[in-house]
Amino acid sequence: MSLKILAVTGRIGSGKNSVEDYLRDKYEYKIINMADVLRQMAKEEGCGLDRQSLQNLRKKYGNTFLAEKTVKIIEGLNDNKIVIGSMRRPEDFLIPKQKFNDNIKLIVIEARKDVRFQRIKKRGREGDPKTIKEFETQEKKDEEIFEFKKIFSYADYVIDNNGTLDDLHKQIDKIMREKKMNIILIGPQGSGKGTQAKMISEKYSIPHISTGDLFRDAIKRGTALGAKAEKYINQGILVPDEIVINLVKERISKHDCKTGFILDGFPRTLSQAKMLDSIVKINCVLNININDSVSIARLSSRRQCRKCGEIYGKEVKPKIEGRCDKCKSELYQRDDDKPEAIKKRLEIYHRQTIPVLKYYKSVVHDINGKQTVEKIFEEIFGILE
Ligand SMILES: [Zn+2]
């Protein structure tokens with residue numbers, strides 16, 4: 001029987017109870033609520049739950065009495081799936097962690113201040129702050145007492161709970177699936193790869209990471225890597241692997257990638273794939289296949305407006321042929337959308353991609369890209385499930 005303990009923490013109004021309820025109802029976890037443990041202890045001691053009483057308890061039993069009591073309760077249980085709820089102070093987590101090691105994982109629930117305030121207001125319990133100002137004052141005090149920032153730094157998973165209950169449940173499901181979805185999406189231009197990446201990202205709540213976005217973001221944030229990348233981009237030179245891999249590394253170390261990510265447009269070459277392999281294990285490579293002729297047909301039908309830059313193609317046709325819907329200017333075919341230019345791009349694509357696919361051979365799945373967007377996604381869904 002393998003013990004699985006999930007510790008849940010978050011600031012007031014972040015939705016800790018909703019997380020606990022869902023883990024209990026859907027995944028049959030037993031909830032040990034630290035607030036209840038404390039209440040029970042206070043009752044046995046014949047004291048209250050005010051700050052002075054708690055201080056006295058700490059004096060009597062030591063600073064970590066509540067965490068130690070909770071560990072004892074868990075050890076006395078026969079259950080193997082346990083949630084420790086209402087965890088607040090760093091030691092509430094560190095003491096059980098010392099005891100249960102890798103069998104315990106910390107889930108941190110984050111939500112914006114205004115969202116949390118609205119939740120508290122709706123709850124309308126006695127003593128709840130009535131204005132955002134009151135709320136902020138209380139938060140400041142809580143921050144000092146509970147050291148949220150410190151306990152948050154131990155997070156194994158971070159749930160972003162600013163949305164609906166449904167969004168919250170989706171994120172919990174994702175954590176419970178446990179299976180990491182570290183995905184690479186490969187496909188030539190015109191394969192509809194970007195659309196599929198977006199759909200996978202939404203379905204599984206894992207971030208869609210494209211190198212183009214990474215460059216833009218790093219440049220916007222003014223980071224050292226961004227400044228380096230910008231130099232190359234401005235000169236029209238490919239950004240060197242060293243810089244790209246460091247940007248990818250930085251991105252996938254963020255919390256939202258803990259259960260997976262979709263890399264789009266990376267790795268492009270064998271040497272990039274080897275570099276990536278040294279920092280993260282990829283469990284699935286989705287290779288969307290289309291014939292060059294389809295690629296060429298799709299891309300060479302693309303027309304762009306000379307004035308506003310709007311792009312039209314097979315799917316989005318202009319109302320009047322050769323004229324932009326928005327500004328009525330002339331549409332033209334860009335040089336790099338001409339069949340000869342596309343052929344050249346595809347040649348490079350195949351030359352670079354074949355070794356990458358060979359490298360990841362054991363986890364590559366080929367997908368027929370000549371189907372509708374929905375059919376392609378169905379195929380991908382079948383593989384990921
Ligand atoms: Zn236009």
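**View 1. The second largest pocket of this predicted model holds about 1500 Å³ of space.** Here a pocket is an open set of points on a 1 Å grid over the protein atoms alone, where a 1.4 Å probe fits and protein lies on both sides within 12 Å along at least five of seven lines. The volume is the space filled by probe spheres set on the points, which are joined across faces, edges and corners. Of the 48 lining residues (an atom within 4 Å of a point), Ile12, Lys16, Ala35, Ser86 and Arg88 come closest to the centre of the second largest pocket. Two or more residues each are given to this lining by α1, α2, α3, α4, α5, α6, α7 and α9. Helices are DSSP runs of H or I with at least four residues, and strands are E runs of at least two.

**View 2. Five strands form an open sheet in the order β7-β8-β6-β9-β13, with parallel pairing.** Strands pair if DSSP finds at least two bridges between them. β7 (208–210) and β13 (364–368) each have a single partner strand, so one side of each lacks a neighbour in the sheet. From one strand to the next, the twist averages 25°.

**View 3. Helix α16 (residues 339–359) packs on the sheet.** It touches β6, β9 and β13 (contact: heavy atoms within 4.5 Å), and its direction makes about 150° with that of β6. Axes are lines fitted to C-alpha atoms, for helices over the stretch in contact, with angles from 0 to 180 degrees between N-to-C directions.

Residues are numbered from 1 along each chain as its sequence is written. In this predicted model, local features need pLDDT of at least 70, side-chain atom pairs count only at pLDDT 80 or more, and totals for chains, interfaces and linings use all residues, while side-chain values use heavy atoms, leaving out hydrogens and water.
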